[in-house]
Amino acid sequence: MHHRTPSRGRVSVIEHLRLSPYTLPMMPSPALKTSLRLLMTLALATGLSACASMPQKTPPSSNPAPAPVATTTSAPQTPMAQRAGQLTATGHDLAAAKDYIHAAAEARGQTQLHYLMEAAQASLKGQKPQVAILLADEVLRLQRNNAELRGAALWVRAQGLMDQGQTPSAKGSLEELLTIASTPQEVRAQAMGTLATLYTQEGHELTALNFLIEGDSFLSGNDAAENHRRIRALLDSQSAAKLQNWQGRSGNPLVQEWLAVALITRQNPDPRQRQAAIKTWLAAHPGHPPINFSDHTATTIDRSALNPARGSICALLPFSGPYAPLSQAITAGMKTAARLQSGPAVRVLRTTGNPSYTAVLFERGMKEGCKVFVGPWLPQDINAVAAVRKPFNPPVITLGGAPGVQQSGLYTLSLSRDVAARQIAAQSYGAGYRRAYVLYPQDSSGAAIQADFIAVWKKFGGEVGGVATYLPGHALTDEAQQLLSRSPGQDSFVFLVTDAKNANAAVSSIRLINNNVPIFSPALLHGAALPSDAQELSGIESVDMPWIINPGQSWPQAVPLLRTALPNASDTQWRMAAFGLDAYRMAERVLDKNMTGSLHGTTGILRFGASNQIIRDMEWMEVENGQIMPLPGVPKPGT
């Protein structure tokens with residue numbers, strides 16, 4: 001059988017596919033070997049392994065892309081393409097993508113491009129954006145004349161780039177898509193809305209306003225109402241001086257009218273005066289197209305948006321870098337809670353570390369039915385969502401804080417390990433303790449935790465008797481031994497920063513020097529269980545979550561389900577899974593508008609506090625002879 005040798009320079013995807021290992025001769029030429037290696041590299045890089053051809057159902061996309069541009073290219077259905085279509089219909093997207101690629105390798109002309117486009121769309125649905133981008137690029141390289149096919153490829157490419165957080169490149173594809181006359185109206189409107197979000201994030205609000213207003217003519221019903229809300233929100237966030245400046249910079253008559261109405265509304269709060277001013281403005285600008293200003297000046301809000309029906313709870317979490325396994329654990333906890341509570345389904349929206357993309361995902365989630373969000377987590381993502389979110393949008397429970405961010409409907413449930421330290425300071429001072437001796441490990445995390453403790457402790461008026469570090473796994477330093485060998489009064493305690501792995505040795509070392517001083521600690525902070533020999537922990541009072549110490553007591557039904565979902569969970573993942581369980585139940589309360597009372601969760605007792613903070617009151621307990629003894633509160637001095 002004759003095989004084409006790839007030419008010098010760029011070797012196309014199709015040329016790789018034609019050099020399938022199933023058709024190689026017994027003694028391939030060096031050039032063919034090179035192409036084969038490139039093909040194998042391509043397969044590994046794209047993730048479409050041979051097993052993808054097996055009819056195993058892939059999970060639904062975490063970030064489902066909007067419907068791709070429909071193509072009208074008709075192609076004869078080969079057996080391989082027919083099977084690919086069946087796989088697509090049954091949700092086996094990656095298997096379908098591979099079959100379409102093979103079908104494209106055997107085809108020519110428009111049929112070949114049609115199959116490549118189908119493969120790209122299936123890859124995007126199957127959460128393989130890098131494959132979708134590669135295939136869409138190949139279609140764009142081979143097809144210069146068919147505008148409809150180029151539009152489909154640009155749309156898939158833009159969605160794939162967005163899913164990978166490559167927003168600058170995605171902008172280019174979206175803007176080129178808008179130059180194609182055959183782009184369907186609904187896709188054109190979605191592209192403009194996405195571009196508006198990206199340009200807002202970059203500080204180019206006038207460009208964003210242009211996209212929103214230009215896209216308005218393609219929308220109707222609820223979509224148009226939401227677009228009008230976005231326009232008004234963008235205008236309301238600008239100063240009057242900036243709006244006046246924009247009037248001189250924009251040549252779009254519709255944009256001019258929106259700007260005029262925004263200024264008139266500010267200058268004329270009385271509705272009658274406002275309408276008279278609008279008529280005066282219209283008379284002075286007869287060349288502008290007719291526009292229904294009453295729609296733009298409406299001050300009423302669809303109150304159904306303020307009381308959404310129970311629906312999806314969406315996890316908006318980072319799934320890149322070191323945060324990926326932690327987000328996986330939080331998600332597993334949320335899904336487990338949904339199963340045990342028989343509550344709303346959990347949808348996962350995976351952020352990439354790109355704040356602009358996080359904002360896009362938030363808006364996409366709203367359109368796709370998210371009724372409450374858990375996350376974002378990182379400060380830059382919180383800022384990005386807060387910038388596009390309005391108070392009447394679905395509520396959000398962030399898992400961290402961002403300075404200066406406060407909105408109606410935006411709640412904060414902090415996952416920070418420093419929370420325990422601050423609570424020990426507040427509660428122990430309230431119980432009558434006045435002097436603390438601080439012992440923490442020589443690492444950045446331990447330093448941050450003890451610093452938070454000392455800051456709060458001193459704020460209340462507490463005295464620091466001394467601070468020393470230790471190296472886990474080694475004997476205590478002379479400085480630490482001197483610190484602990486003092487004779488503290490009855491109003492003193494040791495604040496020990498440790499984790500499950502080192503708690504046993506740390507407590508044992510302290511007890512060899514001082515057998516009486518109380519030890520308050522965010523100990524067992526990471527541990528999935530007590531150390532193997534918990535006898536040496538006797539006397540330690542721990543305030544972090546009951547789940548960490550004994551998950552079977554706090555929510556026993558969740559343990560086997562999570563062990564299945566996270567069979568090799570690290571200690572930190574196990575802790576995050578507990579947060580997932582509680583975050584879901586707090587999200588249910590937000591959905592039900594039940595902000596009173598408290599929730600006895602796996603991470604402590606949770607309640608809604610001031611400034612939309614979700615307070616986590618950690619339960620005090622004592623480890624006695626290897627057993628957990630719950631305490632009603634912090635033990636009093638001298639007890």
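This protein has 26 helices and 15 strands. Those are DSSP runs, numbered from the N terminus: helices are H or I with at least four residues, strands are E with at least two. Before I go on, the model is predicted: local features need pLDDT of at least 70, side-chain atom pairs count only at pLDDT 80 or more, and totals for chains, interfaces and linings use all residues. Residues are numbered from 1 along each chain as its sequence is written, and side-chain values use heavy atoms, with hydrogens and water left out.

Overall picture next. Of the 639 residues in the protein, 53% are buried. Buried means under 20% relative accessible area; exposed is over 50%, and partly exposed is in between, with a 1.4 Å probe and protein chains only. Now contacts, meaning heavy atoms within 4.5 Å. Take those between residues at least 6 apart in sequence: 64% join residues at least 24 apart.

On to the cores. In soluble globular proteins, nonpolar side chains tend to be buried together. A nonpolar core here is a set of buried Ala, Val, Leu, Ile, Met, Phe, Trp, Tyr and Cys residues, joined through side-chain atoms within 4.5 Å. The largest one has 53 residues. Which residues have the most contacts inside it? They are M117, L209 and L235. L209 touches I231, L234, L235, W246, V255 and L259, leaving aside residues up to four places away in sequence. There is also a second, separate core of 42 residues. Among its members are A332, W377, L399 and M576.

Helix α10, residues 205-215, packs against helix α13, residues 253-267. The angle is about 110 degrees, and the axes are 9 Å apart. So α10 is roughly perpendicular to α13. For the terms: axes are lines fitted to C-alpha atoms, for helices over the stretch in contact, and angles run from 0 to 180 degrees between N-to-C directions. Under 35 degrees is roughly parallel, over 145 roughly antiparallel, 65 to 115 roughly perpendicular, and the rest oblique. From α10, the contact uses L209, N210 and I213. From α13, it uses L254, V255, W258 and L259. That divides into six nonpolar, one polar and no charged. The classes: Ala, Val, Leu, Ile, Met, Phe, Trp, Tyr, Cys and Pro are nonpolar; Asp, Glu, Lys and Arg are charged; the others, Gly among them, are polar.

Now the strands. Look at β8, residues 492-496. Are its residues mostly covered or mostly uncovered? Mostly covered: five of its five residues are buried. S492, V494 and L496 point one way, F493 and F495 the other. Two strands pair if DSSP finds at least two bridges between them. β8 pairs with β6, residues 435-441, in the parallel sense over five bridges. Y437 stands opposite V494 there. β8 is also joined by two bridges to β9, residues 519-521, again running parallel. In β9, V494 has I519 as its bridge partner.

Next, an open sheet. Three strands, in the order β11-β12-β13, pair in the antiparallel sense. The edge strands are β11, residues 599-600, and β13, and each pairs on one side only. Between β11 and β12 there are two bridges. L599 has L606 of β12 as its bridge partner.

The loop between β12 (605-608) and β13 (614-617) holds Q613. Q613 is partly exposed because its relative accessibility is 33%. What does Q613 touch, not counting residues up to four places away in sequence? T412, R607 and F608. T412 is 201 residues away in sequence, yet the C-alpha to C-alpha distance from Q613 is 5.0 Å.

Last, some backbone geometry. Most residues other than glycine have a negative phi, and most peptide bonds are trans. S611, in that β12 to β13 loop, has a positive phi near 55 degrees. S611 counts as partly exposed, at 46% relative accessibility. S342 also has a positive phi, near 55 degrees. S342 sits in the loop between α16 (324-341) and β2 (346-351). S342 is exposed, at a relative accessible area of 67%. P376 is in the loop between β3 (370-374) and α18 (379-388).
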